[in-house]
Amino acid sequence: MKAILSADLNWGIGCGGKLLQRVPEDMKFFRRMTDGKVVVMGRETFESLPGKQPLKDRINIVLSRSAVFDDDRLILCRSLEELKNELKKYDSDDIFIIGGESVYTQLLPYCTEVFVTRFEKEFTADRHFPDLDKMANWELAEQSEQYFYNDLGFRFLRYANKSVRPF
C-alpha cells in the first residue's frame, strides 16, 4: 500500500479539520493517483471531505473506533485487524492511505511508498505527518521540478520504504 498527502516544510498536513492549502495541481495529482483505487482514511478525514461525500470512482474505506459513526456508502472497519482482513480483497498497489494523522501513523510501516506534495512554506498546523527525512528506513526516491501556485512553491516527491513490514 501507499500513502499520499500534501505537507508543509514542518510536515504539517492540516489545521482545524482542513488542508493547509488547496492547490489545483495537487488536487489533480491526487485524483490521478487514486482514481479507480482503494482509499483508506479515518472518520475525521472522511467528515472533512466536500459535502461529507465518499470520493467518486474509488472504494472508500474508513477506519473508525466510533460505535456511533455509520454510513452505508462506505466500508467501515472498527480495528486494524478488521482493516487488514478487508484489504486482503484488493491488490496492495491499489491501496492509498489518505489521512489523517492517526491513520497515517498507524499504517506508515506497511506502506511501500509515500507521495508528498511538499509546500515550500511553513503553515500553522495542528496535524502532522512523520518526518520521513529523519527516518532511516525511508529515502527520497524522486523529486519533481519546482512548481508555483500563486506565490507558493511546491514539488511532488516520492519516498520509498527500504524495510516494509507485512500487513
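User: Which backbone atom does the side chain of serine 64 reach?

Analyst: A polar contact is a pair of N or O atoms within 3.5 Å; within protein, one must be able to donate a hydrogen and the other to accept it, and residues adjacent in sequence count only if both atoms are side-chain atoms. Here the side chain of serine 64 reaches the backbone nitrogen of serine 66 at 3.2 Å. This is a predicted model: local features need pLDDT of at least 70, side-chain atom pairs count only at pLDDT 80 or more, and totals for chains, interfaces and linings use all residues. Numbering runs from 1 along each chain as its sequence is written, and side-chain values use heavy atoms, with hydrogens and water left out.

User: Is serine 64 buried or exposed?

Analyst: Buried means under 20% relative accessible area, exposed over 50%, partly exposed in between (1.4 Å probe, protein chains only). Serine 64 is buried, at 6%. It sits in the loop between β5 and β6 (75-77). Helices (H or I, at least four residues) and strands (E, at least two) are DSSP runs, numbered from the N terminus.

User: What does serine 64 touch?

Analyst: Contact means heavy atoms within 4.5 Å. Not counting residues up to four places away in sequence, serine 64 touches Arg43, Phe69, Cys77 and Arg78.

User: Which members of the largest nonpolar core touch the most others?

Analyst: In soluble globular proteins, nonpolar side chains tend to be buried together. A nonpolar core is a set of buried Ala, Val, Leu, Ile, Met, Phe, Trp, Tyr and Cys residues joined through side-chain atoms within 4.5 Å. The largest has 28 residues, and Val40, Ile97, Val114 and Phe129 touch the most other members. Elements giving two or more residues to this core include β1, β4 (38-42) and β12 (152-161). Apart from it lies another core of 22 residues, among them Leu20, Leu74, Ile98 and Phe123.

User: How many residues line the largest pocket?

Analyst: On a 1 Å grid over the protein atoms alone, a pocket is an open set of points where a 1.4 Å probe fits, with protein on both sides within 12 Å along at least five of seven lines; lining residues have an atom within 4 Å of a point. The largest pocket is lined by 41 residues. Thr45, Ser48, Ile98, Gly99 and Gly100 lie nearest its centre. α4 gives the most to this lining, with 5 residues.

User: What volume does the largest pocket have?

Analyst: Grid points are joined across faces, edges and corners, and a volume is the space filled by probe spheres set on the points. The largest pocket has about 1,200 Å³.
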